[in-house]
Amino acid sequence: MSGEASKSIPNDVLWGGGRSPFSVSYGKMMMWFFLVSDALTFSALLVGYGFARHSMPPGGSWPMGESVFRALPFLHGDYPLIYVAFMTAVLIFSSVTMVLAVEAGHRMYKQGVIKWLFLTVIGGAIFVGSQVWEWGHFIHGSGGSITMMDGSKYWVHNDEHDTENPTEAAGFHLVKAEGDRYLYGTEEVEGNEAKAIFAERVAYTHGASPMWSSEGTIENEYGQPQYANFFFFITGFHGFHVFSGVIINFIILIMVARGVFHRRGHYEMVEKAGLYWHFVDLVWVFVFTFFYLV
Amino acid sequence: MERDDIIEYSLDAHHSEEHGKQIRRKIWMVTAFLAAVTAVEVFLGAYWRNIFPVETHAAAWQWVKWGFIVLTLVKATYIVMTFMHLGDERRSIRSVILLPYGLFIMYLIFIAIWESNYVNRMLELFQ
């Protein structure tokens with residue numbers, strides 16, 4: 001009955017033998033540990049989102065992604081999820097260029113690393129810029145809803161997503177709300193009749209800022225204010241990761257161009273930055289599913 | 001600064017031109033797969049209401065929703081295993097990363113569903 005401590009273990013199977021059982025470098029292992037802790041943070045945020053949403057009573061007013069995210073820059077009309085699909089594609093392709101940069105680094109091919117890393121930085125910058133526009137549009141709102149004297153509610157639609165003078169915009173019409181869920185309803189009212197109803201409203205709720213509803217609850221265009229809170233927190237936290245990833249990749253790009261890693265004999269720094277960058281892509285895959293699709 | 005107390009595992013990561021070609025092929029295959037899955041997801045997400053007849057929406061949504069979750073996990077597996085090269089690492093480091101995380105998250109999801117079911121029922125009762 002001897003314990004582990006008294007067992008003699010050959011030195012070369014231990015770290016004292018000069019090799020790690022993981023067979024990865026210290027830097028890479030620490031990057032993985034950091035990513036696990038970061039993954040726990042993101043998981044907690046998404047699980048918190050699921051908790052809030054699932055706690056709502058049946059028939060609640062939690063909006064659906066394809067109703068909320070339906071605008072494109074410079075274009076009028078509704079294009080459900082197209083913009084966020086574009087953002088997803090940009091991020092996946094910047095992940096691909098990153099893995100190609102890592103591969104070029106393994107061949108000690110400096111020009112290849114520079115080319116692919118440069119494209120990765122560009123892709124990340126496009127993603128962050130796209131998110132700025134999306135936030136802007138989310139805050140501005142796509143149409144909103146009006147509440148009438150008798151408590152009934154209409155969704156306001158127009159092709160230009162105008163929330164200042166919606167009645168003047170092209171394609172203005174109202175849809176009678178069925179329940180509180182964003183944009184749910186089938187009965188359409190158009191033309192002067194719609195304008196007359198709009199003129200008799202007691203409240204016009206639009207955009208992401210919470211307002212008092214006629215029933216004394218706080219809501220914004222999308223329904224429960226928690227929805228917008230989670231949207232800003234989760235996509236904001238992710239967007240900040242993308243932003244810092246772009247900065248890190250840019251610094252590494254300069255170091256590659258100056259030949260720092262070539263002199264060192266390996267491009268592992270590109271690989272470590274790549275791990276972080278892929279992780280950002282990985283998180284987006286989950287945010288995309290749980291925020292925009294489900 | 002030279003240090004002789006660190007084994008450079010990173011030097012083992014080098015590969016030849018020939019092997020690089022294979023790896024690049026794999027990368028582009030995975031890319032095509034991820035792009036295709038995302039395209040299917042976006043199409044379903046945007047138009048599932050038009051694809052299925054109105055009276056089956058409640059049941060269809062369950063299938064679409066769980067389909068999204070499964071496809072997401074498949075995508076995540078490919079990103080972690082191929083793009084992050086975790087599939088090429090030793091099994092010991094793979095387990096150290098994935099098992100504790102997986103166990104903890106499964107527990108967190110379980111507890112969140114359990115509790116939110118309760119809150120949901122209470123809100124319904126006292127509304």
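**Core, domains and one tyrosine**

Reply: In this predicted model, the largest nonpolar core has 75 residues. Those with the most contacts inside this core are V84(A), A101(A), V113(A), L117(A), V270(A), V287(A) and F288(A).

Me: Which helix gives the most to this core?
Reply: In soluble globular proteins, nonpolar side chains tend to be buried together. Here 16 residues of the core come from one helix of chain A, spanning residues 268–293, and this largest contribution belongs to helix α8.

Me: Which residues does V84(A) touch, leaving aside those up to four places away in sequence?
Reply: V84(A) is among the residues with the most contacts inside the largest core. When residues up to four places away in sequence are not counted, V84(A) touches F69(A), F288(A) and Y292(A).

Me: What distance separates the centres of domain 1 and domain 2 of chain A?
Reply: The domain assignment gives domain 1 of chain A as 43–53 + 65–138 + 226–293, and domain 2 as 145–206. Five residues of domain 1 of chain A are in contact with five residues of domain 2 of chain A. Taken over C-alpha atoms, the centres of these two domains are separated by 37 Å.

Me: Why does Y9(B) count as partly exposed?
Reply: Y9(B) lies in the segment before α1 (17–51) of chain B, and it touches S23(A), V24(A) and S25(A). A residue is buried if 20 or more other C-beta atoms lie within 10 Å of its own, and exposed if 12 or fewer do. Because Y9(B) has 19 other C-beta atoms within 10 Å, Y9(B) is partly exposed.

Definitions and conventions:
Residues are numbered from 1 along each chain as its sequence is written. Chains are lettered from A and ligands numbered from 1 in the order in which they are written. This is a predicted model: local features need pLDDT of at least 70, side-chain atom pairs count only at pLDDT 80 or more; totals for chains, interfaces and linings use all residues. Domain bounds come from an automatic or database domain assignment. Two residues are in contact if their C-beta atoms, placed from the backbone, lie within 7 Å. A nonpolar core is a set of buried Ala, Val, Leu, Ile, Met, Phe, Trp, Tyr and Cys residues joined through C-beta atoms within 7 Å. Helices (H or I, at least four residues) and strands (E, at least two) are DSSP runs, numbered from the N terminus.
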